[in-house]
Amino acid sequence: MSGIQFFDEQPEIVTSRLLLRPLREADAEAMFAYASLEEATKYVLFHTHRSVEDSAEFIRVATSQAGTGFGLVWAIELLEGHRMIGTIGIHNVELDVGSVEAGYIIHPDHWGKGYTAEALEGVIAAVFGQSDINRIAAMHVAEHVPSGRVMQKAGMTYEGTLRQFKLLKGAPRDMSMYSIIRSDHEAARRR
């Protein structure tokens, strides 16, 4: 499947504990539960949501971009209890070079349980298994070390720190870059 087909047919992804599925309008309240928390949004590029309508607008924009090749966002839902606890997506799609970037956010109540790395591993496996994308990158604010550990657990390799690379809440911030390429992923699967 080409990268374009993957983006047109956003697959559901099932891992051992999670269902990654397309966002729905009904997810606005669950999203607001974490996107409204300063603790959860401190290191993400979007502003903290101030109302359920902010979350509903985020969902409207994300779902309107599905099928356009711009990117995809999945709800991270626990298989047990079917509760949405975060989102994970791919963006900065460059089909001509076979590259995408991943990003995620999860409710702080679920930090430290391995869910984020599991979701990222699921997205990596789906992208490499169902498209011809060759490289998946991810970055985090350099001081947010736990996010780097998530990327490492998902099989990504640290590439370096980009100085004052992103504007975060009005201030330029250093960003640590990680990536995984198709051949690395395939080698890890053979081990």
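Ser99 lies in strand β5, residues 99-106; strands (E, at least two residues) and helices (H or I, at least four) are DSSP runs, numbered from the N terminus. The model is predicted: local features need pLDDT of at least 70, side-chain atom pairs count only at pLDDT 80 or more, and totals for chains, interfaces and linings use all residues. Residues are numbered from 1 along each chain as its sequence is written, and side-chain values use heavy atoms, with hydrogens and water left out.

The relative accessible area of Ser99 is 11%, so Ser99 is buried (buried is under 20%, exposed over 50%, partly exposed in between, with a 1.4 Å probe and protein chains only). Apart from neighbours within four places in sequence, Ser99 is in contact with Asn92, Val93, Glu94, Ile133 and Arg135; contact means heavy atoms within 4.5 Å.

Helix α4 covers residues 52-65, and its 14 residues should span 20 Å at 1.5 Å a residue, which agrees with the 20 Å between its end C-alpha atoms. The expected span is 1.5 Å times one less than the number of residues. In α4 the buried residues are Ser55, Ala56, Ile59 and Ala62. They cover an arc of only 130 degrees around the axis, so they are on the same side of α4; the arc is that of the directions from the helix axis to the C-beta atoms. Their cover includes α2 (28-35) and β3 (72-78). After α4 comes Gly67, with a positive phi near 85 degrees.

Helix α5 (residues 115-130) is largely enclosed by the rest of the structure, because twelve of its 16 residues are buried. Among them are Tyr115, Glu118, Leu120 and Phe128.
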